[in-house]
Structures are given as C-alpha cells and as structure tokens.
Amino acid sequence: MHTRRIKVLAIAPDLNQGGGENRILNIARTIDRSRFEYEVATLYSPDTALSDSCGSMAMDFHVAGVKVSDLGLRRPVPRTTIRTLQLASTALSLLLASSALWRYLRVKRIDVLDAHLDGSVYVGLSAARAARVPASITLYGAKAIDQRSDAFAWRRAGLRTAGAVVTDSHKVAADLAAFIGAPTPPILVVPNGVRLAAPQRSRAAVRADLRLPESATEIIGQVSGLVPYKGHRTLLRAAALVIAERPGAYFICIGFPRVGPDYVASLEQEARELGISNRVRFQSYPGNIADIWQVIDVHVHASDLDSLPNAIIEGMSLGKPAVVTAVGGVPELVHDERTGLLVAPGDPPALAAAILRLLRCPGFAAQLGVAATSRYLALCTPEVVVRALERSFIALHDRSARHQSRAARLLNAVRR
C-alpha cells in the first residue's frame, strides 16, 4: 500500500505529431490521479521550423490541461563530414543533457522516469541511472534511425539499464529482445491507447478544404506522416487501378512532410504521370484530426514497414473499413477478413483489389468496421492501456524501493 502518490515524469524529445506523443497525452489525461503525479517534460524547447514540418501537439496538451515543462537542452548539431568533430559534439550534448535531466529528477523527487522515443534512450536512461530512479522506455522499433554500428552499441548498452521497455506489438518486442541481448530488461507489449476528440469542423468545410467536388462520392484516405516508408508510391499505383473503375473515387493523403517538401513534390509528379493528379490530394492538417476522419469512407495504410500505427487504431475506433499492409504488429490487431483486410506491402494490384472489394461490397465493409470497433474497445482505449502502464510504474517503483532499502540496511550494518 502506497502512502503517497508515485511521481512519474514522462519525457520526450519534442511534442511533434506522432504516436509516441499521443501516447503521453492519453496517459496524462487518463492516469489515476489519486495514485500518481504524472508530469510531462520535453528535452528541447519548441522549434518553429520543426513544428512546421512535423506538426505540433503543444496545443493538444494545453487544451487537455496538461502542463509541459521543457529542459531547454541544446539540439544535436547537424551531421558533419568530420567524424571526430561529430563524435565530440554528440558526446558533449549527451553529457550536458543527461546532467540537466539528472538535476531535474533529483529536484522534483521523481519516483519513476517514463521515457519515450529514440531521443530519450541515451539522455533519459543515463540520467535515471545516475539519479537512481527506475526508468521505463517506450520504443516502436529495435534499431535507431542512426544506422552506424557505434550508435547501435550505445543504444544496446543504454537499453540494458532500463527497468522496463514498452512497445506496442509482439513483433517489435521480439526484435527488441534480439537486439538488446542479455541481460534483457522486462519487455511489455502495450498498444497505444487512442480516443479522438469530437470533430470541430463540419464535414462540408473539410471537403471544401480538400477541394473535393460533389462528384467525389468515395473517399479513400491514408493518415500518416508524408515519409517514404509509409508506402505512398504503392498507394498511388493502386489508386490508378481503382480510379479506372470507380468514377467517384478520390484519394487523400493527410500528414506532415517530415522529410521536407521534395518527397511530396515527387509524389505529386508521379500522380501526374499516372494521370490521376486531379483525383489525389496531399495535405497537412494542423487541426483536430477527427475533422479529417469524418470525410474518409475507406481507410488505407500502405506502409512498407511499421510497428502499429496510431492511425489504424483511430480508424478502428471510428468503425472505418480498412485495407492495411501486413507489416510489423499490424496483423496482431487487424485480423484479415474479420476486422479489416490485410495485403502484402509493396503490391499495388493487391492493394487496389482489396479497396475495390470494399467499395463494391458496402455491407461487408460495414461489417468489418463494426468488428474493428469491438476490437478497439477491448484492447486500445486509453483506460485499458493506462491501467497496464500503471501496474508497470508501481512494479518499477516497488522494486526500486526494495533495492534501496536493502542497500541502506547493508550500509548501516557496515557502519556498525
């Protein structure tokens, strides 16, 4: 029995639009405040240019009444061809960041660190270890974006110090276990908990923003960052096949251009070459994403690789019939022919055939949507997810308290 609330600090590099940041927001809104104090901090101060390219969730946290502190750390310097300079700069940045977070953990008397995303691996885990605070790290992939072998070694060493590693699928959990090796910390599989707010704009207003004419009677949509691994090229080639048969079909790809405008420009060029540019939209949407969902009739997610995208969970919560690629942990949540249709990644004809099947068979599509919502309610509401995370925080706190108590008893025995 805990006599006081457990103080948990959630950290992430930034508050960009993404699954990890949404997870933190839903934990903060849903956690049992009678048992936990849940604080949120970012490693870096807000960056306007980054927010423009990736989107920002700062307003979502504000509206939810969740206070966010920032540690004001220096961002890593851009890559340089001078290897020694790059290593020295990175090492200095990590040292300063870890020191700042260590002080924050000590001053705020944090009981458990809840670290999220790649940027928190090195800083969060090293600071927590120095402050003797148990740490949980939430990741959506085994290897870092940085593909250098020395970065892998640092990442592996850091993850071995975690009190727990949390991810959203058994597939990624297995990848993490193989990557970390022994000793492997406990790895928990907890999908993201999602609950969309009510739309703030009318369906007609959103359609107007997307330049969808009245003849657009079948809207197929992908909600994801506009990055290459999300499979937009596969989707475009499938779209050409669908549009050839369905005169009312339009495709919308909603997301932020996280790798810059060139990628989106190349997609628009490909759409022109396929002769479908008038039936495809690429657009960011900084407002409430529920606004967009109300215009989508069929959800498609054509990723080449992924873990378990938030957008798939969002679509299921709304009962949207879906065609998704069988990558990462997606097949663990979406059961083919029961809660959606699964296709292989990188296969435009298969993707098009599945989309056409749902458009031709609205009864079957509706059946899939109803079943998808039932599965969402059982596994992916914020309440279901946060109760699992609460149990993890309590276990980490209690294990740390027992360890510190034993250490204190041993120290006292030595002094006597």
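The following legends describe close-up views of selected residues in a predicted model.

The model is predicted, so local features are given only at pLDDT of at least 70 and side-chain atom pairs only at pLDDT 80 or more, while totals for chains, interfaces and linings use all residues. Residues are numbered from 1 along each chain as its sequence is written, and side-chain values use heavy atoms, with hydrogens and water left out.

**View 1. Arg207 in helix H8.** Arg207 belongs to helix H8, residues 203-209; helices (H or I, at least four residues) and strands (E, at least two) are DSSP runs numbered from the N terminus. Arg207 is buried and has no salt bridge. Buried means under 20% relative accessible area, exposed means over 50%, and partly exposed lies in between (1.4 Å probe, protein chains only). A salt bridge is a side-chain nitrogen of Lys or Arg within 4 Å of a carboxyl oxygen of Asp or Glu. The nearest side chain of opposite charge to Arg207 is that of Asp297, 6.0 Å away; Lys and Arg count as positive and Asp and Glu as negative, whereas His and the chain ends are not counted. The side chain of Arg207 does reach the backbone oxygen of Ala216, at 3.0 Å. Beyond its neighbours within four places in sequence, Arg207 is in contact (heavy atoms within 4.5 Å) with Leu212, Pro213, Glu214, Ala216, Ile219 and Val295.

**View 2. The salt bridge between Arg155 and Asp118.** Side chains of opposite charge can pair when their charged atoms come close. The whole structure holds 13 salt bridges, and one of them joins Arg155 and Asp118, with N to O at 2.8 Å. This pair links distant parts of the chain, 37 residues apart: Arg155 is in helix H6 (residues 149-159), and Asp118 is in the loop between strand E4 (112-116) and helix H5 (119-131). Arg155 is buried, with a relative accessible area of 0%, whereas Asp118 is partly exposed at 28%.

View 3. Arg360 and Glu245 form a salt bridge in which the closest N and O atoms are 2.8 Å apart. Arg360 lies in helix H14 (residues 348-360) and Glu245 in helix H9 (residues 232-245), so the pair ties together parts that are 115 residues apart in sequence. Arg360 is partly exposed, with a relative accessible area of 47%, and Glu245 is partly exposed at 37%. Glu337 and Arg357 form another salt bridge, with the closest N and O atoms 2.7 Å apart. Here Arg357 is in helix H14, and Glu337 is in the loop between helix H13 (330-333) and strand E13 (341-343), 20 residues apart. Arg357 is partly exposed at 31% relative accessible area, and Glu337 is partly exposed at 36%. Glu337 also has a positive phi of about 75°, although it is not a glycine.

**View 4. A nonpolar surface patch.** Leu92, Leu95 and Leu96 form a nonpolar patch on the surface, with about 290 Å² of accessible area together. Patches are made of residues with over 30% relative accessible area and no salt bridge; like charges are joined within 9 Å, and nonpolar side chains (Val, Leu, Ile, Met, Phe, Trp, Tyr) within 5 Å. Accessible areas come from the Shrake-Rupley method with a 1.4 Å probe, and for residues only the protein chains shown count as cover. Leu96 lies in helix H4, residues 83-107, and is partly exposed, with a relative accessible area of 48%.

View 5. Gly225 lies in the loop between strand E8 (218-223) and H9 and is buried, with a relative accessible area of 8%. Not counting residues up to four places away in sequence, Gly225 touches Lys230, His232, Phe256 and Arg258. The C-alpha atoms of Gly225 and Ser284 are separated by 8.8 Å, although these residues are 59 apart along the chain. Asp14 is found in the loop between strand E1 (6-12) and helix H1 (19-30) and is buried, at 11% relative accessibility. Apart from neighbours within four places in sequence, Asp14 is in contact with Glu21, Thr42, Tyr44, Ser45, Leu50 and Arg75.

**View 6. Backbone features at Pro183 and Arg109.** Ala182 and Pro183 are joined by a cis peptide bond, with omega about -5°. Pro183 lies in the loop between helix H7 (170-180) and strand E7 (187-189). Arg109, although not a glycine, has a positive phi of about 55°. Arg109 is in the loop between H4 and E4 and is exposed, with a relative accessible area of 65%.

Note on methods
Polar contact = N/O pair within 3.5 Å; in protein donor to acceptor, adjacent residues only side chain to side chain.
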